[in-house]
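Have a look at it first, then we'll go through it topic by topic.

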Amino acid sequence: MTKSILQYMVNSPSSPKKEIRVLGIDLGTTNSTVSEIIYHPDQKEPPVVSCLEIDQETLDGLYTHIMIPSFVAIYQGRIFIGEGPKRLRGNLADAESSLEYLKNIFWDCKNYMGLSRTFHKAPQGFNSAKDISAHLLKFMKQEGDKCSDIPVSRTVVTVPASFGVAQRRDTLDACIEAGIEVSDGELLDEPIAAFLDYLSRDGVQSLGKAGETKTLMVFDFGGGTCDIAIFRLNLPGPRTSLQVAPLSVSRYHRLGGGDIDLAIVHEVLLPQLCEQNNIQLNDLDYSDKKNLVGPALLSVAESLKIGICREISNLKQFNRYTPEKRKDLTKTMPGIHYCTLKDGRQLSLSSPVLSAVRFDEILKPFFEKDLLFPQESEYRMTCSIFLPIEDSLDRAGLKAGDVNYCLLVGGSTLIPQLQEELGDYLSKAEVLSFDDADDAQTSVSKGAAYQALTLELFGRGIIQPVSGDDISIRTSTGGIQLIPMGSPLPYPSNGEWAENHSLTLPRTNILEGLDLRLELIDSQENTLGYGLWKIPAMANKGNELILHYRMDANQVLYLRLWLKGLEQEDPFSFTLEKPLTNIVFPDSKRDKIDELEEKMRNRQVSKESQAEVMGALAGLYEELGHREKALDVYKRLLMRAGGDDPYYLNKMGIICGDLKDYEREEKFFLQAARNKRSSAPLFNLALSKKRQGKTKEALKFVNEALELRDDPAYMVARATYYETLGEQKNSQRDLDAAMPLFPPVSAADSFHLSWIAIGARMSKDSELLNAIEHERKIRNPNGKIPLTGELPETKGTIARSNK
């Protein structure tokens, strides 16, 4: 949004001669806001946007604020939305409270939009993320309507740039349930909305000269999301609008300021709670920490975080944040906070404190630049903000030095340490920020309001989205361009279908069908996606294909094809979401967990299959590092099995070892070995003893394992123990005896292959090590999976509608 365009709204003769009121709604993961613009036809100054202060009921009375926590609760026969249910979250650990997460109190539900996840314990109308979003939207609309007698003529609602078709559809459905009339084009990407608000203050002239091309990164770090979007900007001239081509999006939807709050809960508040109540952390089980104590302390952690950040920012503003000040700076939250455990014990936390030094330690993994991978437990996730940033840059084919501007959006970008880290990383970019905390957190809804006004006045938005690259279809002789780079979206502009008549079948298929690959590529011939069309028999080489295609403003590409002469039949259709915007969703294991949990919740798993599904869930929890959650599931499985299943006992021992709970680890391993005379638990116990530096105990247990099973892997392990103890003769004896007993490398399972490798290294057998490395490459090949199907041929003539 430029100041000149704002002024044009006032001066244009085509502008309506009546008052117009529009709303912009930021439906956030953690907080939501609603902004309005009232246009007066006789006003001389450009219209001004304001974020509405919304009344929110709490048990303590009415609370009025521009920020609306994205919380919903059903409590004492009433529905609370916003600040009220956020405060109620602290009552989850109250013995007299009937509140339960996703049953009658809801937050962070935006992360489930577009998924099949249902809240099976919740009453009708609160069963899904879409339902909860509808309640939030309805509340904001109703409260927004009360703020003026002028009726709202248009509302724009924002969504993350990475939202796909299913998530956008859920958002549209939630809008309809809330009584908000929006079309697909009135769902505005959050980074674009924030950018619009920024331009409304500083004008597009601040970004460069007309006709210049710039690269913009929008870093949107809120309470629940980290949404990175990179755009190519073509700055407008006298007769052109600002063009924005999306290049890359990487959204890690469970990385946000809330993860920092959880880190404070588990690294600061829980230890203080245990110390003040004279208990050990292991005295609190998974359910207590996950469902009661953790949620009850989240608001405390958030308040301490905000408080320490304000203190640091104030000191930095006056250049007084010295190492001495940092060492002494603390933030205390006065008062006593109570938590009741499920066994009835009541714990209290008095005046919790967070120091600046401890806060820096907590933030360190969030700013890691080398170990770029998420580390996750069942309670929280720690992930560096530079993982999504580098992912986005890499997929856009850019480096940090290629970014001209970085716009900071969202409440979590107010953390002063984060601003410093980003400034150092993007050293060649100008970091754009808002004047104060409120502006940073309300920019998205304000930008949405500007979009709503221009749509209402002129029937179009101010920023023109364009295709960031060519989109072509691959043929046996090269690519056939469908959408040229820089084409305004939607394409074609009238929303109709473009046509292509240049494709033909590559061969005759008389007796069997033909798999035809419709592969979309960019200007560098990178594959964007493909569909496989199974063409029935009796089709001839050279038969013409009719292709219809279009791409909407949300970058969804639709294609449908027929064999010429068969247009009356149903077409082959496929859809490609955001083909030019490289979206990263690193949550396949989570999705599988959600799927299995959903089946268990809705009783879609037979009694006979429940143990199998629970075992699969426990394994997935382990893979994600949710060890205590996995341990809880294995406990239930063990009870189902009568308490003596060596497999479950062995898994429980492994998890306890990972948790460094060595006492329970040994108990579970010994019980597993005793019940069924199993060697594996004894071997695992030997490995644990070795890791603890107790090599003589490790030797004792590996000997017991060998008495039950003469396994060459056990013998190699014992050889390493003898080597540690300095008994080289015994070590060599075991090594010489073990190596001939292993199966060939190609036939060995992964367990034995790893011990063959250890033995080979001990023997300095380079030939065997090379064979192992070759086998591992065969089992885990790198590179792209080859695409299937045959490519179409071309007859060399294109007929396409561009308008």
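Is Lys110 buried or exposed? Lys110 is buried, because its relative accessible area is 9% (buried means under 20%, exposed over 50%, and partly exposed in between, using a 1.4 Å probe and protein chains only). Keep in mind that this is a predicted model, where local features need pLDDT of at least 70, side-chain atom pairs count only at pLDDT 80 or more, and totals for chains, interfaces and linings use all residues. Residues are numbered from 1 along each chain as its sequence is written, and side-chain values use heavy atoms, with hydrogens and water left out.

**Around Lys110**
- You'll find Lys110 in the loop between strand S9 (105-106) and helix H3 (129-146); helices (H or I, at least four residues) and strands (E, at least two) are DSSP runs, numbered from the N terminus.
- Setting aside neighbours within four places in sequence, Lys110 is in contact (heavy atoms within 4.5 Å) with Leu27, Gly28, Thr29, Pro160, Phe163 and Glu190.
- Ser128 sits 18 residues from Lys110 along the chain, and their C-alpha atoms are 9.8 Å apart.

**The nonpolar cores**
- A nonpolar core is a set of buried Ala, Val, Leu, Ile, Met, Phe, Trp, Tyr and Cys residues joined through side-chain atoms within 4.5 Å.
- The largest one has 61 residues, and Phe219 and Leu269 have the most contacts inside it.
- Helix H7 (residues 286-317) gives this core its largest share, 11 residues.
- There's also a second, separate core of 41 residues, and Leu242, Tyr450, Leu453 and Leu455 are among them.
- Back to Leu269: beyond its neighbours within four places in sequence, its contacts include Leu297, Val300 and Leu349.

**Strand S31 and its partners**
- Strand S31 (residues 556-563) has 6 of its 8 residues buried, so it is largely enclosed by the rest of the structure.
- On one side of the pairing story, S31 runs antiparallel to strand S30 (residues 545-551), with 7 bridges joining them (two strands pair if DSSP finds at least two bridges between them).
- Leu547 stands opposite Leu561 in S31.
- The hairpin of S30 and S31 has 4 residues between the strands, and Gln555 there takes a positive phi near 65°.
- S31 is also joined to strand S32 (residues 572-577) by 6 bridges, again antiparallel, and Leu557 has Leu576 in S32 as its bridge partner.

**Ile510**
- Ile510 lies in the loop between strand S27 (503-504) and strand S28 (514-521).
- Ile510 counts as partly exposed because its relative accessible area is 42%.
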